[in-house]
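Colleague: I would like a close look at one part of this model. Please take the charged pairs slowly, since I am new to this.

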Amino acid sequence: ACEASFVASQIRQRYPAIPYSEMAILYRTQKTGQVFQNVLRQWQIPFHIRGSCRKPIRDVIALLTCVLNPKDNVAFQRVMQCFGLHSQPPVRQAIEQAAKTNRIQLFEAAELVVKFSKQSERASKLTKTQLNAISKCLEAIERLQNRAPLLRLSELIKRTIDF
């Protein structure tokens with residue numbers, strides 16, 4: 001309850017000019033959500049529950065992190081898992097090798113792997129299906145990156161959850 005009370009106080013004190021409809025509180029467990037609901041009622045802060053998220057909250061946070069900071073390797077690895085890529089050793093190895101060889105972050109390395117593979121299909125150790133999956137992953141992040149400056153944070157979060 002202390003954490004929820006702190007959040008409620010911050011909403012009131014630090015962000016009085018932002019409409020409640022433009023705010024979001026993300027939580028992982030139903031029990032935590034119930035605590036937040038009780039505290040928000042006590043503080044008379046209106047709220048709307050969107051229901052359970054279709055994606056685990058960690059996936060949403062990882063995708064948001066990649067959108068806002070593509071150099072975050074841990075977040076990018078989580079996003080790759082969402083696209084079923086991180087569990088494929090050839091994909092993971094190709095991206096990690098490109099990152100190590102070129103001293104770049106994993107996101108940039110994934111772009112390089114796709115670019116190199118398009119230039120020289122024979123040299124690529126990845127299948128077309130794997131390359132297409134990497135491309136879809138990168139495109140998802142880039143689409144949200146392009147929209148991010150134009151969106152309110154609440155809308156960016158909503159689009160990330162709906163992705």
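How many salt bridges does a search of the whole structure find?

Modeller: The search of the whole structure finds three salt bridges. Keep in mind that this is a predicted model. First, the general idea. Side chains of opposite charge can pair when their charged atoms come close. Now take the pairs one by one.

Start with Arg152 and Glu22. These two form a salt bridge, and their closest N and O atoms are 3.7 Å apart. Look at where the partners sit. Arg152 lies in the loop between helix H7 (128–147) and helix H8 (153–162), while Glu22 lies in the loop between helix H1 (2–14) and H2, so the pair ties together parts that are 130 residues apart in sequence. Arg152 is exposed, with a relative accessible area of 54%. Exposed means over 50%, so Arg152 passes that limit. Glu22 is partly exposed, at 24%.

Next, find Arg78 and Asp59. Their salt bridge has its closest N and O atoms 2.6 Å apart. This pair also links distant parts of the chain: Arg78 is in helix H4 (residues 73–82), Asp59 is in helix H3, and they are 19 residues apart. Arg78 is partly exposed, with a relative accessible area of 26%. Asp59 has a relative accessibility of 14% and counts as buried. The reason is the limit: buried means under 20% relative accessible area.

Now go to helix H8. Arg159 forms a salt bridge with Glu155, and the closest N and O atoms are 3.1 Å apart. Both residues belong to helix H8. Because they are four residues apart there, about one helical turn separates them. Arg159 is partly exposed, with a relative accessible area of 31%. Glu155 is partly exposed too, at 30%.

Finally, turn from charged side chains to nonpolar ones. Ile25, Tyr27, Phe47 and Ile49 make a nonpolar surface patch of about 300 Å². Pick out Ile49 from this group. Ile49 sits in the loop between helix H2 (30–42) and helix H3 (57–68). Its relative accessibility is 40%, so Ile49 counts as partly exposed.

Notes. Residues are numbered from 1 along each chain as its sequence is written. This is a predicted model: local features need pLDDT of at least 70, side-chain atom pairs count only at pLDDT 80 or more; totals for chains, interfaces and linings use all residues. Side-chain values use heavy atoms; hydrogens and water are left out. Patches are made of residues with over 30% relative accessible area and no salt bridge: like charges are joined within 9 Å, nonpolar side chains (Val, Leu, Ile, Met, Phe, Trp, Tyr) within 5 Å. Accessible areas come from the Shrake-Rupley method with a 1.4 Å probe; for residues, only the protein chains shown count as cover. A salt bridge is a side-chain nitrogen of Lys or Arg within 4 Å of a carboxyl oxygen of Asp or Glu. Helices (H or I, at least four residues) and strands (E, at least two) are DSSP runs, numbered from the N terminus. Buried means under 20% relative accessible area, exposed over 50%, partly exposed in between (1.4 Å probe, protein chains only).
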